[in-house]
Amino acid sequence: MNLQLLVSLLSAVIIGVILFRKWIWRGAKVLARTAVGGAVLAVLAQCSGWTGITLGVNLVNAAVLGILGIPGFALLLLLQQVTG
């Protein structure tokens, strides 16, 4: 690969990161919180025999739980009760 092309691409990536660093940071926070929400759902699925709470471990539930926290958990439980 041409050195000039490599330098140009690297410069474009650096400028893009500088310009969009807030969006990148927010996206990383959402991904991290979604991962934590998924971990909580996985632990909850393992304890469902004791608690009686059965929520599916999927990306949507993990995102709702990760982004909204405890109110998101209550929302998921309420939706489960309403939909049967």
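Predicted model: local features only at pLDDT ≥ 70, side-chain atom pairs only at ≥ 80, totals over all residues.
Residues are numbered from 1 along each chain as its sequence is written, and side-chain values use heavy atoms, with hydrogens and water left out.

Let's start with helix α1, which covers residues 3-19. When I say helix, I mean a DSSP run of H or I with at least four residues, numbered from the N terminus. With its 17 residues, α1 reaches 24 Å from first C-alpha to last, close to the 24 Å expected at 1.5 Å a residue. That expected span is 1.5 Å times one less than the number of residues. At the start of α1, a side-chain oxygen of Asn2 comes to within 3.3 Å of the backbone nitrogen of Gln4.

Now the surface. Which residues form the nonpolar patch? They are Val13, Ile15, Val17, Leu19, Phe20, Trp23 and Ile24, with about 750 Å² of accessible area together. The elements giving two or more residues are α1 and α2 (21-46), and α1 brings the largest share, four residues. To join such a patch, a residue needs over 30% relative accessible area and no salt bridge, and nonpolar side chains are linked within 5 Å. A salt bridge here is a side-chain nitrogen of Lys or Arg within 4 Å of a carboxyl oxygen of Asp or Glu. The areas come from the Shrake-Rupley method with a 1.4 Å probe.

Is Leu19 buried or exposed? Leu19, in helix α1, is exposed because its relative accessible area is 62%, and exposed means over 50%, buried under 20%, and partly exposed in between.

On to α2, where Thr34 sits. Thr34 counts as buried because its relative accessibility is 11%. Its side chain reaches the backbone oxygen of Val30 at 2.8 Å. Leaving out residues up to four places away in sequence, Thr34 touches Leu59, Ala62, Ala63 and Gly66, where a contact means heavy atoms within 4.5 Å. Val40 is also in α2, but counts as partly exposed at 44%.

Next, Asn61 in helix α4, residues 59-68. Asn61 counts as buried at 14% relative accessibility. Not counting residues up to four places away in sequence, Asn61 touches Leu41, Leu55, Gly56 and Leu76.

We finish with helix α5, residues 70-83, whose 14 residues reach 20 Å from first C-alpha to last, close to the 20 Å expected. Just after α5, Gly84 takes a positive phi of about 95 degrees.

Terms used. Patch = residues over 30% accessible without salt bridge, like charges linked within 9 Å, V, L, I, M, F, W, Y side chains within 5 Å. Buried < 20%, exposed > 50% of the residue type's maximum accessible area, 1.4 Å probe, protein only. Polar contact = N/O pair within 3.5 Å; in protein donor to acceptor, adjacent residues only side chain to side chain.
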